Amino acid sequence: MPLSLSSPINAFTVSVAINFMINILRSRKSRLALTFPSLLIAVGASGTLQADTPLGWMNSDHLSAYTPGAMKLELTGSVLAVNDTIDFLDIRDDLLAGTRQLQGDSGDLDGERAEIQFGITSYLSAFYRRQQQALSLDLGEVKSINLLAIDDALETTSTAYGLKWNFYESGYFDNARSWYAASLEITRTENNTDNFEGTLDRITLNGDTSVVFTKPQTFRVDNMEDEGWQARLLYSFPMGNALTTSVWAGYAETEATSGTDSDMTAAFLAAAFRQKFTVEDQQALIGAGLNWQVTPRMPLQLSYEYIRITNSDVTAVVNPSNVLLPSFLQANNVSTIDVSANHTLRGSLTFWVTPKFNVSLTGKLFSNQFRGVIPHFDNPLSGSFSEKPYGYAGIQIGLQI
C-alpha cells in the first residue's frame with residue numbers, strides 16, 4: 001500500500017516517478033533506457049510494503065488501479081486470430097459485404113502479443129506491450145490499372161510502454177479480496193506498418209486514354225506510422241467478495257503519417273502518385289471494467305472503453321493532375337472529419353493452472369475497426385473501410401515470477 005507523502009523517502013520516490021512520466025511526454029523519441037538510472041534510484045528508495053493485486057486477478061490488457069507487488073514480474077503471451085472459422089459475430093463477413101474493394105480472405109488477422117509488467121515498488125510499476133499483426137487485404141478488380149502483383153496484408157507492429165503509480169489505497173487487509181485503489185497511468189504508444197506495394201503495366205488516365213508500360217512499374221502506400229502518449233486516472237473498488245469494478249478517464253494525443261509513392265519513370269505519373277498525409281488527433285477516453293471471480297482460480301473479465309476523437313487536424317500534400325488514381329490510393333479516403341469515435345469491448349476467461357501459471361481465452365471488438373487505436377490506419381488504403389466493426393479472438397498464457 002502507498003506510504004504517506006510526508007515520508008521524505010517516499011516523496012522522493014514519487015518525484016522520480018513524476019519526472020520519468022514528464023520525460024516520456026516531452027520527447028517523442030524517449031526510451032526507457034534514458035531514465036533507467038532513475039528507476040534504480042526509485043527501487044533503492046522504496047519501502048518494504050507488500051500490497052499486491054487481488055488473489056486470482058489478471059492484469060494483462062485489463063485496466064485497473066492495481067499494480068504488481070514490489071519486485072514482482074508478470075509475463076503474458078498471446079496468439080490472435082480472426083478468419084472464416086473464428087468469426088462468431090460475422091464481423092469479417094460484414095467487412096467484406098460493406099465494400100466492393102475487398103474479396104477472398106480480406107479481414108483475416110494473424111498476430112501475436114506479449115506484455116511485461118514489473119513492480120518497481122508496491123505502488124509503482126513499469127510495463128511494456130508489443131503486438132504484431134497481419135490484416136489480410138485481398139483487393140478485387142481495379143479497373144483503372146492492370147495489376148500484376150500486390151501485397152496481401154497490412155503488417156503492423158504496435159508498442160506501448162510506461163508507468164503506473166498507485167497513489168491511493170484503502171480497505172486493504174490482504175490480497176484475498178479486492179480493495180479501494182486509485183492510480184495514474186502514463187503510456188507512450190507507437191505503431192508502424194510495412195509498405196504495401198504493387199506492380200502494374202497499364203494505367204487509365206481517364207475514360208478512354210491509357211498508358212502501357214513495357215517494364216512493370218511499382219507503387220506503394222508508405223510512411224504508415226504514428227506515435228503519441230496517453231494518461232489515464234483509474235479507480236478500482238470491490239462490489240462484494242467476488243466482484244470488482246474499475247472505472248477510468250483519460251486523454252491522449254497522437255500524430256500519424258501516411259502517403260503514397262511510386263517508382264514511375266514518367267514524371268507526370270510519378271508526381272500524381274506522390275502524396276503525403278499528416279493527421280494530429282486529440283482523444284478523450286472513458287471506460288469501465290468488471291472482474292468476477294467465478295471461482296478463486298477462474299476470473300472472468302469484461303471491459304468497455306469509449307474513444308472520442310475530439311479534434312483531428314489533417315494536412316495533405318497532393319499533386320493535382322488529370323491522372324485518376326485507383327480508388328484505394330485516393331486522398332479522399334483519409335478522413336477530414338473533426339469528431340469521430342470508437343467503442344471497444346474486451347473479454348477474457350482465465351484459468352489458473354498453478355498459482356503462477358494461467359491460460360486465458362480472450363476477445364476484442366471495435367465498433368470502427370482500429371480508429372483511434374492505430375491512428376495511421378486512416379490512410380488512403382485502409383481508410384476506405386476503417387469505419388466498419390471489427391474484432392478478433394486470442395489464446396493467452398501468463399506467468400508470474
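Here's a short walk through this predicted model, one selection at a time.

Start inside. Select Phe196, Phe328, Phe370 and Tyr392: of the 34 residues in the largest nonpolar core, these touch the most other members. Now colour β1 (73-82), β7 (196-204), β8 (210-238), α4 (267-273) and β14 (390-400), the elements that each give two or more residues to this core. There's also a second, separate core of eight residues, with Trp57, Leu63, Tyr66 and Ala181 among them.

Zoom in on Phe196. Leaving out residues up to four places away in sequence, its contacts include Leu137, Ile150, Phe219, Arg220 and Leu381.

Next, pick Phe366, Phe370, Phe377, Tyr390 and Tyr392, which make up one aromatic cluster. The structure has 12 aromatic pairs.

Asp263 sits in the loop between β9 (243-262) and α4 while Arg220 is in strand β8, so the pair ties together parts 43 residues apart in sequence. Arg220 is buried at 11% relative accessible area, whereas Asp263 is partly exposed at 46%.

Then try Arg232 and Glu305, another salt bridge, with the closest N and O atoms 3.1 Å apart. This one links strand β8 to strand β11 (residues 298-318), and both residues are buried.

Last stop: Gln293, in strand β10 (residues 275-295). Is Gln293 buried or exposed? Its relative accessibility is 15%, so Gln293 counts as buried. Beyond its sequence neighbours within four places, Gln293 is in contact with Leu55, Gly56, Trp57, Ala242, Met298 and Pro299.

Notes: Residues are numbered from 1 along each chain as its sequence is written. This is a predicted model: local features need pLDDT of at least 70, side-chain atom pairs count only at pLDDT 80 or more; totals for chains, interfaces and linings use all residues. Side-chain values use heavy atoms; hydrogens and water are left out. A nonpolar core is a set of buried Ala, Val, Leu, Ile, Met, Phe, Trp, Tyr and Cys residues joined through side-chain atoms within 4.5 Å. Buried means under 20% relative accessible area, exposed over 50%, partly exposed in between (1.4 Å probe, protein chains only). Helices (H or I, at least four residues) and strands (E, at least two) are DSSP runs, numbered from the N terminus. Contact means heavy atoms within 4.5 Å. Rings of Phe, Tyr and Trp (its six-membered ring) pair if their centres lie within 6.5 Å; planes under 30 degrees apart count as stacked, over 60 as edge-to-face and the rest as tilted. A salt bridge is a side-chain nitrogen of Lys or Arg within 4 Å of a carboxyl oxygen of Asp or Glu.
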